[in-house]
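Q: I would like to learn how to read a structure like this one, feature by feature. Please show it first.

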Amino acid sequence: MPGSINPRPGLVGRLVTRPGLRVGRIRPLIFVLIWLSVLDPARAHDWYSGIRNPATGVGCCGGHDCMPIDISRVIETRDEFIVDGKWHFNKDEAMPAHDGQFHACIWGGKPRCFFYPMNV
């Protein structure tokens, strides 16, 4: 019918499939982001490898023993850092952290290494 507003069938088909194409492109991106978030702790963990306590010579980390900790969990005294009120780390054994955070390494229920922010 002349003068009526009927879209062409080809145009309607393209408009209907377009949202599906966007979702199809987003799924791989979501997968990659989830995959990277799973790998991130392992990548962050790598910098502990090979570091030893300067006083005891014991390796800091044997797997998933080291982790960043919130400053609210740390009490600093003249001679030590105390984490959660029970893990005591001598200051002469503490080392500067590479990322500006506190980190504690506890293995087998025993404190091994402690890292403090450079600005503390």
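Q: Is Cys60 buried or exposed?
A: Buried means under 20% relative accessible area, exposed over 50%, and partly exposed in between, with a 1.4 Å probe and protein chains only. Cys60 has a relative accessible area of 0%, so Cys60 is buried. Before going on, note that this is a predicted model, where local features need pLDDT of at least 70, side-chain atom pairs count only at pLDDT 80 or more, and totals for chains, interfaces and linings use all residues. Residues are numbered from 1 along each chain as its sequence is written, and side-chain values use heavy atoms, with hydrogens and water left out.

Q: Which residue does Cys60 join in a disulfide?
A: A disulfide is a pair of cysteine sulfur atoms within 2.5 Å. Cys60 is joined to Cys113, with an S to S distance of 1.9 Å. Cys60 lies in the loop between α1 (9-45) and β1 (66-69), and Cys113 in strand β7 (residues 110-116), so this pair ties together parts that are 53 residues apart in sequence. Helices (H or I, at least four residues) and strands (E, at least two) are DSSP runs, numbered from the N terminus. Cys113 is also a buried residue, at 1% relative accessibility.

Q: Why is the disulfide of Cys60 and Cys113 left-handed?
A: Look at the torsion about the S-S bond: for Cys60 and Cys113 it is about -85 degrees, so the disulfide is left-handed.

Q: How many disulfides does a search of the whole structure find?
A: The search finds two. Cys66 and Cys105 are also joined by a disulfide, with S to S 1.9 Å. Here the angle about the S-S bond is 110 degrees, and the link of Cys66 and Cys105 is right-handed. Cys66 lies in strand β1 and Cys105 in strand β6 (residues 102-107), so the pair ties together parts that are 39 residues apart in sequence. Both Cys66 and Cys105 are buried.

Q: What is the pairing of the bonded cysteines, numbered in sequence order?
A: In the protein chain it is 1-4, 2-3. Cys61 is in no disulfide; its nearest cysteine sulfur, that of Cys66, is 3.6 Å away.

Q: What is the strand order in the open sheet of three strands?
A: Two strands pair if DSSP finds at least two bridges between them. The order is β2-β3-β4, with antiparallel pairing. β2 (74-76) and β4 each have a single partner strand and stand at the edges, so one side of each is left without a neighbour in the sheet. Between β2 and β3 there are three bridges. Glu76 has Phe81, in β3, as its bridge partner.

Q: What percentage of the residues in the protein chain are buried?
A: Of the 120 residues, 23% are buried.
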